[in-house]
Amino acid sequence: MSDTDVAAGRTGTGPRIGALTRGFAGAVTLVGALTWILLNLQAPGRQADLVVGAVLAVGGLVLLMPHRVPLPALPTAGASVAAAVGGALAGLLTETTRTGGMWAYVARRGWPYEWLNRGAVADDPQTARALAEQASWQVDAVNLTATAVFWGFLGLLLAAAVTRTRRVSAL
């Protein structure tokens with residue numbers, strides 16, 4: 001460390017804390033994603049869960065390998081936040097509706113996890129649907145968070161790919 005670093009207040013602990021945080025987040029994400037994939041191998045609607053698990057596993061690997069995939073902090077954070085917000089909003093274009101029971105009608109929006117819901121219960125399916133269409137939408141905060149994390153990691157992977165491509169083309 002030079003005298004100018006000490007005079008500027010750069011003591012070197014910031015990069016170490018950042019590396020430790022990145023490594024911890026990568027390890028937790030990788031283990032969690034692999035566990036998620038294993039738990040959902042036999043699930044009925046497993047395609048979305050397997051895609052989510054694969055994106056998070058690769059994102060965890062990227063975080064664990066700073067020597068292979070250096071990520072500039074500000075552009076990576078910007079790409080992750082933009083992808084999280086944009087992906088969650090774009091996921092609202094998908095809608096799933098279900099009628100069941102004696103009679104429930106539920107409409108859900110969001111991808112990969114449905115985080116915006118409305119529904120109603122009535123004596124017949126037509127009344128249930130009419131009541132559901134008049135009901136207000138409810139936000140499921142847990143599914144919204146899971147959706148934002150998925151899209152955020154997709155943004156991180158996009159930033160990593162762009163960074164890696166620029167490094168290779170610069171050589």
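Four strands form an open sheet in the order E1-E2-E3-E4, with antiparallel pairing. E1 and strand E4 (138–139) are the edge strands, each with a single partner strand, so one side of each has no neighbour in the sheet. The model is predicted. Helix H5 lies across E1, E2 and E3, and the count of salt bridges comes to 4.

**Sheet and hairpin**

- E1 and E2 run antiparallel and are joined by 6 bridges.
- Across this pairing, Arg 98 stands opposite Val 106 in E2.
- The hairpin of E1 and E2 has 3 residues between the strands, and Gly 101 takes a positive phi near 65° there.
- E2 also pairs with strand E3 (residues 116–121); these two run antiparallel, with 6 bridges between them.
- Strands of a sheet pair through backbone hydrogen bonds, either parallel or antiparallel.

- The side chains of Glu 95 and Arg 109 form a salt bridge, at 3.2 Å from N to O.
- Glu 95 lies in strand E1 (residues 95–100) and Arg 109 in strand E2 (residues 104–109), so this pair ties together parts that are 14 residues apart in sequence.
- Glu 95 is partly exposed, at a relative accessible area of 40%.
- Arg 109 is also partly exposed, with 24% relative accessibility.

- H5 runs at about 140° to E3 and lies across E1, E2 and E3.
- Within H5 (residues 125–134), Arg 129 and Glu 133 are 4 residues apart, about one turn of the helix.
- Their side chains meet in a salt bridge of 2.8 Å, N to O.
- Arg 129 has a relative accessible area of 43% and is partly exposed.
- Glu 133 is partly exposed as well, at 41%.

- Arg 108 counts as partly exposed, at 31% relative accessibility.
- Side chains of opposite charge can pair when their charged atoms come close.

Technical notes:
Residues numbered from 1 in each chain as written. Predicted model: local features only at pLDDT ≥ 70, side-chain atom pairs only at ≥ 80, totals over all residues. Heavy atoms only, no water. Buried < 20%, exposed > 50% of the residue type's maximum accessible area, 1.4 Å probe, protein only. Pairing = 2+ DSSP bridges. Contact = heavy atoms within 4.5 Å. Axes fitted to C-alpha atoms, helices over the stretch in contact; angles between N-to-C directions.
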